[in-house]
Amino acid sequence: VSGAEMEHSFNINVHKLEGVDDSGTIRRRMPLVEIDMLTETLARLGQHPAFRVVVRQNGPIDPTLLGRSFAALHSQAYHDWHLTVLAEDRESADVVRGCLAEQPAQTTDRVTVVDASATDLELDTPFGAGEAPREANPGALLFGLLCPGDELGCDALIEIALASGQSPGTD
């Protein structure tokens with residue numbers, strides 16, 4: 001029937017566990033239906049931003065903390081991201097590469113390690129090299145800065161993408 005309108009309502013009850021203080025927690029999982037809904041909303045908005053995240057070294061690199069940051073990026077519901085890790089020296093870069101070797105392939109394929117003490121010939125991949133040309137993905141290019149140990153909720157990038165799509169042209 002052309003022009004027909006349908007409405008279907010349903011209730012979702014969420015119960016907080018007793019004794020749990022979630023004021024300082026981050027979201028670790030999202031239901032697939034929610035991811036699909038947000039992805040469809042982005043498609044309807046015609047938005048597909050790409051995220052370029054940089055982890056800068058802030059003192060000695062702790063592989064445990066860096067592993068947390070890698071895991072948080074790996075768990076993102078929004079998958080168009082690339083991470084560049086800026087290491088201060090060769091030793092730090094080796095620690096990062098060792099930590100990265102323990103990560104899933106879906107994560108390692110999205111990470112570039114840059115050794116600030118290296119010559120141009122010794123650098124891994126230059127920032128942005130090997131990525132699809134921006135013409136293939138006309139969405140916004142968004143940048144973020146993290147320190148080793150920083151963890152994003154699994155919904156962080158998709159929520160930023162949605163906000164960017166709802167308010168294009170704003171910072």
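Author: Start with helix α2 (residues 63-74) and helix α3 (residues 90-101) in this predicted model. Their axes lie 10 Å apart. The angle between α2 and α3 is about 50°. That angle makes α2 oblique to α3, because only angles under 35 degrees count as roughly parallel and roughly perpendicular runs from 65 to 115. The crossing has a hand, too: α2 passes α3 in a right-handed way.

Now look at the residues that touch. From α2 come P63, L66, G67 and F70. From α3 come V95, V96, C99 and L100. Sorted by class, this contact of α2 with α3 holds 7 nonpolar residues and 1 polar residue. Charged residues are absent from it.

What does a search for disulfides find in the whole structure? The count is 0.

Helix α1 (residues 32-45) and helix α5 (residues 156-166) have axes that come within 10 Å. They cross at roughly 25°. α1 and α5 are therefore roughly parallel to each other, since that angle falls under the 35 degrees cut-off. The crossing of α1 and α5 is left-handed. On the α1 side, the contact is made by I35, L38, T39, T41, L42 and L45. On the α5 side, the residues are I158, E159, A161, L162, G165 and Q166. By class, the contact of α1 with α5 has 7 nonpolar, 4 polar and 1 charged residues.

α2 is oblique to α3, whereas α1 and α5 are roughly parallel. α2 crosses α3 with a right hand, while α1 and α5 cross with a left hand.

Along the sequence, the pattern reads α-β-α-β-α-α-β-β-α. The chain has 171 residues, and 35% of them count as buried. Among contacts with a separation of 6 or more, 85% join residues 24 or more positions apart.

Methods: Residues are numbered from 1 along each chain as its sequence is written. This is a predicted model: local features need pLDDT of at least 70, side-chain atom pairs count only at pLDDT 80 or more; totals for chains, interfaces and linings use all residues. Side-chain values use heavy atoms; hydrogens and water are left out. Axes are lines fitted to C-alpha atoms, for helices over the stretch in contact, and angles run from 0 to 180 degrees between N-to-C directions. Helices (H or I, at least four residues) and strands (E, at least two) are DSSP runs, numbered from the N terminus. Angles under 35 degrees count as roughly parallel, over 145 as roughly antiparallel, 65 to 115 as roughly perpendicular and the rest as oblique. A crossing is left-handed if the near helix is turned anticlockwise from the far one by less than a right angle, and right-handed if clockwise. Contact means heavy atoms within 4.5 Å. Ala, Val, Leu, Ile, Met, Phe, Trp, Tyr, Cys and Pro count as nonpolar, Asp, Glu, Lys and Arg as charged, and the others, Gly among them, as polar. A disulfide is a pair of cysteine sulfur atoms within 2.5 Å. Buried means under 20% relative accessible area, exposed over 50%, partly exposed in between (1.4 Å probe, protein chains only).
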